[in-house]
Amino acid sequence: LDGGNTLVQPVFANDVGKALMAIVEGYEEFQGKTFQLAGPAEYTYKEVAEFVADIGGINACLTSVPSWAATAAGTAMEQMVNPILTPDMVAQLQEDVLPKANPEWLDFSDLNIEPTSMDKVAFE
């Protein structure tokens with residue numbers, strides 16, 4: 001979408017599981033606290049798609065779709081019973097998905113967990 005330049009910070013599901021376990025075990029300390037769990041590195045959607053294709057051995061031809069075209073397609077598809085794309089989805093795909101700066105929120109470091117990089121998981 002628009003060159004795939006939207007930023008994301010993917011998190012490894014096992015790290016989230018470890019965090020949930022630590023929160024449950026330390027429920028008295030963490031009661032009422034907000035956690036923001038994110039992976040250790042930022043990537044564009046294009047980088048993630050290229051990485052997945054490379055690791056999966058897929059010869060993918062990635063094509064950038066202009067947001068206006070995706071929104072038009074989403075407008076038509078949202079009338080379906082189970083739409084695979086809507087204008088709201090297109091808008092969401094254009095927003096960076098990165099941790100927000102809030103000193104009151106906790107993260108992996110507060111749980112003594114080192115988040116795993118996407119690269120490391122892929123090559124294990």
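Start with the aromatic rings: a search of the whole structure finds one aromatic pair. Select phenylalanine 30 and phenylalanine 35. Their ring centres are 5.3 Å apart and their planes meet at 75°, so the pair is edge-to-face. Rings of Phe, Tyr and Trp (its six-membered ring) pair if their centres lie within 6.5 Å; planes under 30 degrees apart are stacked, over 60 edge-to-face, the rest tilted. Phenylalanine 30 and phenylalanine 35 are both buried (under 20% relative accessible area; exposed is over 50%, partly exposed in between; 1.4 Å probe, protein chains only).

A word on the model: it is predicted, local features need pLDDT of at least 70, side-chain atom pairs count only at pLDDT 80 or more, and totals for chains, interfaces and linings use all residues. Residues are numbered from 1 along each chain as its sequence is written, and side-chain values use heavy atoms, with hydrogens and water left out.

Next, select glycine 26. This residue is in the loop between helix 1 and helix 2 (27-30). Helices (H or I, at least four residues) and strands (E, at least two) are DSSP runs, numbered from the N terminus. Glycine 26 is buried, at 17% relative accessible area. Draw a C-alpha to C-alpha line from glycine 26 to glutamate 42: they are 16 residues apart in sequence and 29 Å apart in space.

Go to glutamine 9, in the loop between strand 1 (7-8) and helix 1 (13-25). Glutamine 9 is buried, with a relative accessible area of 17%. A polar atom of its side chain lies 2.6 Å from the backbone oxygen of glycine 39. Now show the contacts (heavy atoms within 4.5 Å). Not counting residues up to four places away in sequence, glutamine 9 touches Ala38, Gly39, Pro40, Ala41, Glu42, Val97, Leu98 and Pro99.

Select helix 3 (residues 45-55). Its buried residues are Val48, Phe51 and Ala53. They pack against strand 1, strand 2 (43-44) and helix 6 (118-122). After helix 3 comes glycine 57, with a positive phi near 65°.

Which residues line the largest pocket? Select Leu1, Gly3, Gly4, Tyr45, Lys46, Ala49, Leu62, Thr63, Ser64 and Leu93. On a 1 Å grid over the protein atoms alone, a pocket is an open set of points where a 1.4 Å probe fits, with protein on both sides within 12 Å along at least five of seven lines; lining residues have an atom within 4 Å of a point. The space in this pocket is about 270 Å³. Helix 3 gives the largest share of the lining, three residues.

Definitions and conventions: A polar contact is a pair of N or O atoms within 3.5 Å; within protein, one must be able to donate a hydrogen and the other to accept it, and residues adjacent in sequence count only if both atoms are side-chain atoms. Grid points are joined across faces, edges and corners, and a volume is the space filled by probe spheres set on the points.
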